[in-house]
Amino acid sequence: MALADPECGISNGADSASPFSDIIELNVGGQVYVTRHTTLIAVPDTLLWDMFSKKTPTELARDSKGRFFLDRDGFLFRYILDYLRDLNLVLPDYFPEKSRLQREAEFFQLRDLSKLLSPNMSKDNSITDEICQSDSEEPSAPPLLGPDASRTVSVAVTTHSPSLESKKSGYITVGYRGSYTIGRDIQTDAKFRRVARITVCGKTSLAKEVFGDTLNESRDPDRPPERYTSRYYLKYNFLEQAFDKLSEFGFHMVACSSTGTCAYSSNDPNEDKTWTSYTEYVFCRE
């Protein structure tokens, strides 16, 4: 792909009055996007409109490859870009990132999009907040007077009280790879290395329910809630933190498996031994 200098794009019939080419490459938080210049300026008086209509390419930040750089959430920017293309917003059926996407909409000064993502929007809209919708669908009992009133109140409280029975049962498997070095003659001064990544396998809806915003979905985005995945991983590297989350949501460990290999870091048998292991923990909620 030949990039036009100075605007990091492809000259493809762009308006001669604009210093930007028709095709623009963006680096948003490490995620690369390619879009048209007209898409970025589709909504007047917004941050992107100001950047790509009132400024020149030399005034904007670039990455090492010359792409225009935005230090924002790269995963959520895909929905910002979709909205700019046709001014409609279509989200997956299970989308727990609405509050974060609303924050991104406010940053980019997309006021109409921010209103669409507001949890107080009416049920007639396509992305009504699930919590508000479930609350509004609860049948309201008529007020009672007399001795039955106290009994009615107690029943209502019982109906709305959260319990594990209302949560779906299922399994979640947490895995990680780790390595450590043991000194010569199996000395006690073992050198542990940081866990590289904690993976999460199981049903999408269960994984998102437990780990929420700490779940990195970049390798498997927009997967339906009833489908299974083995490509999620956590944004932190502490197993105990993952275990606490699972316990908080009613899961308990039912199985554990681990494998390991040993190798010398050099051909000298007196050198330290490096062990590499892979461990999986299976959690269940009945």
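Predicted model: local features only at pLDDT ≥ 70, side-chain atom pairs only at ≥ 80, totals over all residues.
Colleague: Which backbone oxygen does the side chain of S21 reach?

Modeller: S21 is found in the loop that runs between β1 (9–10) and β2 (23–28). Its relative accessibility is 2%, so S21 counts as buried. From there the side chain of S21 makes an approach of 2.9 Å, and the backbone oxygen it reaches is that of I23.

Colleague: Is T46 buried or exposed?

Modeller: T46 has its place in the loop between α1 and α2. The side chain of T46 reaches the backbone oxygen of V43 at 2.8 Å. Buried means under 20% relative accessible area. The relative accessibility of T46 is 3%, and therefore T46 counts as buried.

Colleague: Where is D45 placed, given that it has a positive phi although it is not a glycine?

Modeller: The phi of D45 is about 60°, a positive value, although D45 is not a glycine. As for its place, D45 is in the loop between α1 (37–40) and α2 (47–53).

Colleague: Which residues of helix α3 are buried?

Modeller: Helix α3 covers residues 77–86. In general, an α-helix has 3.6 residues a turn, so residues three or four places apart point the same way. In α3, the buried residues are F77, Y79, I80, L81, Y83 and L84.

Colleague: What distance separates the C-alpha atoms of L70 and G30?

Modeller: L70 lies in strand β4, which is made up of residues 68–70. With a relative accessibility of 7%, L70 counts as buried. L70 and G30 are 40 residues apart along the chain, and the separation of their C-alpha atoms is 8.8 Å.

Colleague: How many disulfides does the count come to?

Modeller: In general, a disulfide is a covalent bond between the sulfur atoms of two cysteines. The rule applied here asks for a pair of cysteine sulfur atoms within 2.5 Å. Among the cysteines, C256 is partly exposed, with a relative accessible area of 49%, whereas C284 is buried, with a relative accessible area of 2%. By this rule the number of disulfides is 0.

Colleague: Which elements give two or more residues to the lining of the second largest pocket?

Modeller: The second largest pocket has a volume of about 310 Å³. Its lining consists of 16 residues, and those nearest its centre are D73, F75, N216, E217 and S218. The elements that contribute two or more residues to this lining are β3 (31–36) and β8 (215–216).

Key. Residues numbered from 1 in each chain as written. Heavy atoms only, no water. Helix = DSSP H or I, 4+ residues; strand = E, 2+ residues; numbered from the N terminus. Buried < 20%, exposed > 50% of the residue type's maximum accessible area, 1.4 Å probe, protein only. Polar contact = N/O pair within 3.5 Å; in protein donor to acceptor, adjacent residues only side chain to side chain. 1 Å grid on protein atoms, 1.4 Å probe; cavity = no way out; pocket = protein on both sides within 12 Å on 5 of 7 lines; lining within 4 Å. Points joined across faces, edges and corners; volume = space filled by probe spheres on them.
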